[in-house]
Amino acid sequence: MPGPNLINANPVIHTPKVQIERVYRSEEEDELVADPFDQQEIFELIRNINDPEHPLTLEQLNVVQPDHVHIDDVGNTVLVEFTPTIPHCSMATLIGLCIRVRLLRSLPERFKIDIAVREGTHQSEVAVNKQLNDKERVAAALENSHLLEVVNQCLASALL
């Protein structure tokens, strides 16, 4: 039961879209052949991250969607755009940090990862995006043991 201090006490819960069954090619099973990362693979890494306020995943809250994941495997870039549940969500930076940490822990170091609030979905999107993509701010945030504990809690079920 949601408590009185929640930013969004009654979020809209979405039924996850049916995921397209990934078709594996024979060369993907060969460990000697490079297997490029794709949009679906990146989405699978972030879809089950828990929301910091609710016992729901970012996918269930429609915060992350496959179409908002952009990857260039050759250019070594990943961009994940996410949509906060409300335009004044104070958890947007924390949610973006969780997405960033999950990808940093899962992808090879060759990738430049950008995380962004989708344009027009948050009243402070410019400030949030600046924080989420500033290496020094991210590093400082992850040095905070309490914040790191919250991030790890949000990521715990994503690993299952």
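His68 touches Leu79, Val80, Glu81, Thr83 and Arg118 when residues up to four places away in sequence are not counted, contact meaning heavy atoms within 4.5 Å. The place of His68 is in the loop between α1 and β1, and His68 is buried, with a relative accessible area of 11%; here buried means under 20% relative accessible area, exposed means over 50%, and partly exposed lies in between, for a 1.4 Å probe and protein chains only. The structure is a predicted model, in which local features need pLDDT of at least 70 and side-chain atom pairs count only at pLDDT 80 or more, while totals for chains, interfaces and linings use all residues. Residues are numbered from 1 along each chain as its sequence is written, and side-chain values use heavy atoms, with hydrogens and water left out.

**Overall architecture**

- The protein has 5 helices and 3 strands, where helices (H or I, at least four residues) and strands (E, at least two) are DSSP runs numbered from the N terminus.
- Read from the N terminus on, the elements follow the order α-β-β-α-β-α-α-α.
- Of the 160 residues in the protein, 39% are buried.
- Among contacts in the protein with a separation of 6 or more, 65% are accounted for by residues 24 or more positions apart.

**Helix α1 and its buried face**

- The buried residues of α1 are Ile42, Phe43, Leu45 and Ile46.
- Seen down the axis of α1, these buried residues fall within an arc of 155 degrees, so they line one face of the helix; the arc is that of the directions from the helix axis to the C-beta atoms.
- The buried residues of α1 pack against β1 (69–72), β2 (77–82) and α2.

**The aromatic pair**

- A search of the whole structure finds 1 aromatic pair, the rule being that rings of Phe, Tyr and Trp (its six-membered ring) pair if their centres lie within 6.5 Å, with planes under 30 degrees apart counted as stacked, over 60 as edge-to-face and the rest as tilted.
- Phe37 and Phe111 form this pair, which is edge-to-face, with 5.3 Å centre to centre and 90 degrees between the planes.
- Phe37 lies in the segment before α1 (39–46) and Phe111 in the loop between α2 (92–106) and β3 (112–117), so the pair ties together parts that are 74 residues apart in sequence.
- Both Phe37 and Phe111 are buried.

**Packing of α2 with α3**

- Two packed helices are described by the angle between their axes and the distance between the axes.
- Helix α2 and helix α3 (residues 125–132) pack at an angle of about 35 degrees, with their axes 10 Å apart; axes are lines fitted to C-alpha atoms, for helices over the stretch in contact, and angles run from 0 to 180 degrees between N-to-C directions.
- On the side of α2 the contact is made by Ala92, Thr93, Gly96, Leu97 and Arg100, and on the side of α3 by Val128, Gln131 and Leu132.
- By class, the contact of α2 with α3 has 4 nonpolar, 3 polar and 1 charged residues, where Ala, Val, Leu, Ile, Met, Phe, Trp, Tyr, Cys and Pro count as nonpolar, Asp, Glu, Lys and Arg as charged, and the others, Gly among them, as polar.

- Ile95 is found in helix α2 and, at 3% relative accessibility, counts as buried.
- Leaving out residues up to four places away in sequence, Ile95 touches Asp51, Pro52, Leu58, Val63 and Phe82.
- Ile95 and Thr83 are 12 residues apart in sequence and 9.9 Å apart in space, C-alpha to C-alpha.
- Leu155 has its place in helix α5 (residues 145–156) and, at 3% relative accessibility, counts as buried.
- Leaving aside its neighbours within four places in sequence, Leu155 is in contact with Ile49, Cys98, Val101, Arg102 and Arg105.
- The C-alpha atoms of Leu155 and Thr57, which are 98 residues apart along the chain, are separated by 9.9 Å.

**Positive phi values in loops**

- Most residues other than glycine have a negative phi.
- Asn62, found in the loop between α1 and β1, has a positive phi near 65 degrees and counts as partly exposed at 25% relative accessibility.
- Asn76, which lies in the loop between β1 and β2, has a positive phi of about 60 degrees although it is not a glycine, and Asn76 is partly exposed, with a relative accessible area of 23%.
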